[in-house]
Amino acid sequence: MMLERNYDVAWNCNVRIDDFDPGNAEDRALAKLMREAGCYRIFVGIEAFDQELLDRSKKRAQADLIQDFVRFWQNNRIQVHASYIIGLPGDTMEKIKRRVELAIELNTDLASFNRIFPHPGTPYGDNPEKWGLQVPDPYWYEDNYWWGQAVAGTRDLPPDEVYALQQWALTNYTEHFLQAAE
């Protein structure tokens with residue numbers, strides 16, 4: 001419709017890794033139409049590269065398809081903004097450090113590293129202990145400053161370490177690309 005009506009609008013959208021197959025002709029055609037209609041960037045929640053963590057988080061994505069997915073969009077001249085989660089159930093310091101290394105290697109156009117936030121009404125928020133999450137204050141979301149606080153941790157990483165690792169991930173990732181640009 002945007003093409004038919006000749007709209008000149010730049011737009012972006014959210015997509016899921018498991019919704020696009022680079023080998024599927026219909027998906028390739030859709031990506032081309034999206035670009036022609038003004039799509040310049042997609043946002044995708046990669047979360048992690050570890051299949052165990054993806055499965056535990058009920059993501060339908062396959063870790064071994066992440067790189068193909070990203071290249072598919074970049075080859076269609078659409079930027080990729082990848083989002084990663086720090087503090088997933090089962091996360092360890094080693095897994096988080098490896099996640100940042102792989103995010104750097106993947107070289108998406110943008111990346112964000114967010115902490116796990118077990119919101120009420122979600123499986124993580126309604127029963128964090130079942131998932132191996134530590135949530136010291138079950139009413140964390142009522143505080144206006146929750147974004148800048150340690151909210152949740154894992155069995156191996158207390159909330160303050162998850163917070164510190166998120167800050168480390170953001171800094172490490174950004175510094176890598178700033179140094180590469182020099």
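**Reading a Predicted Protein Model**

Visitor: By the distance rule for sulfur atoms, to how many disulfides does the count come?

Guide: The count comes to zero disulfides, where a disulfide is a pair of cysteine sulfur atoms within 2.5 Å. In general, a disulfide is a covalent bond between the sulfur atoms of two cysteines. This is a predicted model, in which local features need pLDDT of at least 70 and side-chain atom pairs count only at pLDDT 80 or more, while totals for chains, interfaces and linings use all residues. Residues are numbered from 1 along each chain as its sequence is written, and side-chain values use heavy atoms, with hydrogens and water left out.

Visitor: Are Cys-13 and Cys-39 buried or exposed?

Guide: Buried means under 20% relative accessible area, exposed over 50%, and partly exposed in between (1.4 Å probe, protein chains only). Cys-13 is buried at 18%, and Cys-39 is buried at 3%. Of the 182 residues of the protein, 40% count as buried.

Visitor: How many helices and strands does the protein have, and in what order do its elements run?

Guide: Helices (H or I, at least four residues) and strands (E, at least two) are DSSP runs, numbered from the N terminus. The protein has six helices and six strands. From the N terminus, the order is β-α-β-α-α-β-α-β-α-β-β-α. Along its principal axes, the C-alpha trace spans about 55 × 40 × 30 Å.

Visitor: Which residues have the most contacts inside the largest nonpolar core?

Guide: A nonpolar core is a set of buried Ala, Val, Leu, Ile, Met, Phe, Trp, Tyr and Cys residues joined through side-chain atoms within 4.5 Å. The largest one here has 48 residues, and Ile-42, Ile-46, Phe-69 and Trp-73 have the most contacts inside it. Elements that each supply at least two residues of this core include β2 (39-47), α3 (66-75) and α6 (159-181).

Visitor: What does Ile-42 touch?

Guide: Contact means heavy atoms within 4.5 Å. Leaving out residues up to four places away in sequence, Ile-42 touches several residues, among them Cys-13, Phe-69, Trp-73 and His-81. For the protein, among contacts between residues at least 6 apart in sequence, 70% join residues at least 24 apart.

Visitor: Where is Asn-76 found, and with which residues is Asn-76 in contact?

Guide: Asn-76 is found in the loop between α3 and β3. This residue counts as buried, with 13% relative accessibility. Apart from neighbours within four places in sequence, Asn-76 is in contact with Arg-28, Ala-31, Lys-32 and Arg-35.

Visitor: Where is the place of Asn-172, and what does Asn-172 touch?

Guide: Asn-172 has its place in helix α6. Its relative accessibility is 28%, so Asn-172 counts as partly exposed. Not counting residues up to four places away in sequence, Asn-172 touches Val-100 and Ile-104. The C-alpha atoms of Asn-172 and Asp-137 are separated by 29 Å, the two residues being 35 apart along the chain.

Visitor: Where does Tyr-7 lie?

Guide: Tyr-7 lies in the segment before β1 (11-15). With a relative accessible area of 41%, Tyr-7 is partly exposed.
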